Amino acid sequence: MSDQTTTNSLPRIGDKAPDFTAVTTTGQLTFSEFNKDSWVIFFAHPADFTPVCTTELVEFAKNTAFFTARNTKLIGVSIDSIHAHLAWVQNVKQHTGVLLDFPIIADLDTAVAQKYGLLHPGESTTAAVRAVFVIDPKGTVRAIVYYPLNVGRNVEEIKRLLTALQTSDKHSVALPVNWEPGEKVVVPPPKTLAEVGQHDGKGYEQTDFYLLKKDLN
């Protein structure tokens, strides 16, 4: 596992999430402390007071209980001032009744955006792309998802992805296409000749020796 310290670099899956200290809507925080002992959904939005971003952050806030129940914190970032963030949070609450109560980083100097590779010149040189980083309690980047500026992300898929990662960690399994909680999981394939056929007759759903599924219950 490598430690990403170079600015303008893009953290990759398996890398240590870049650390930073920044001002947010809930006060100053150091990311490594915020991330300690919990999962984090770290996401960037292009700008405050924009329609697509508003729908996204409202949806994240509506699902706070889901993430909390899974030991997961939310934190957002955009290249806006703390004053713009605070005004936007109040505006959103006034018009939707939803409080964006998770920290939103004020990143006017783009320091955080640079560390996480959020500026894509082909899209914009002044706005962060819609990135999502799923970071585990050890501070390791486990998944990265990007959306363009003009398409809102799917919060339900982010929830599914988080649940899948946590399920895989807990049970040492893989998850098949379109997996949803309660569905069968994939058993790790054999790595030696001796392991081939070790699950025969044990009630597994077997397509071939390398593709077997089972219930977790």
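Strand β10 (residues 211-214) pairs with β8 in the antiparallel sense over two bridges; strands here are DSSP E runs of at least two residues, helices are H or I runs of at least four, and both are numbered from the N terminus. Two strands count as paired once DSSP finds at least two bridges between them. Look for Val-186 and you'll find its bridge partner in β10, Lys-213. The open sheet here has three strands in the order β8-β10-β9, with antiparallel pairing. Its edge strands, β8 (185-186) and β9 (205-208), each pair on one side only.

A word on provenance: this is a predicted model, where local features need pLDDT of at least 70, side-chain atom pairs count only at pLDDT 80 or more, and totals for chains, interfaces and linings use all residues. Residues are numbered from 1 along each chain as its sequence is written, and side-chain values use heavy atoms, with hydrogens and water left out.

Now hop over to β4 (residues 72-78). β4 runs parallel to β3, joined by six bridges, and Val-40 has Lys-73 in β4 as its bridge partner. β4 also pairs with β5 (residues 104-106), again in the parallel sense, over three bridges; there Ser-78 stands opposite Ala-106.

What about the helices? The axes of α2 and α4 come within 11 Å and cross at roughly 75 degrees, the axes being lines fitted to C-alpha atoms over the stretch in contact, with angles from 0 to 180 degrees between N-to-C directions. On the α2 side, Cys-53, Thr-54, Leu-57 and Val-58 meet Trp-88, Val-92 and Thr-96 of α4, where contact means heavy atoms within 4.5 Å.

Next, the largest nonpolar core: 26 residues, with Ile-41, Phe-43, Phe-60, Leu-100, Phe-102 and Val-134 having the most contacts inside it. A core is a set of buried Ala, Val, Leu, Ile, Met, Phe, Trp, Tyr and Cys residues joined through side-chain atoms within 4.5 Å. Elements giving two or more residues include β3 (39-44), α2 (51-62) and α4 (82-96). Leaving aside neighbours within four places in sequence, Phe-60 touches Phe-67, Leu-74 and Arg-153, among others.

Conventions:
Buried means under 20% relative accessible area, exposed over 50%, partly exposed in between (1.4 Å probe, protein chains only).
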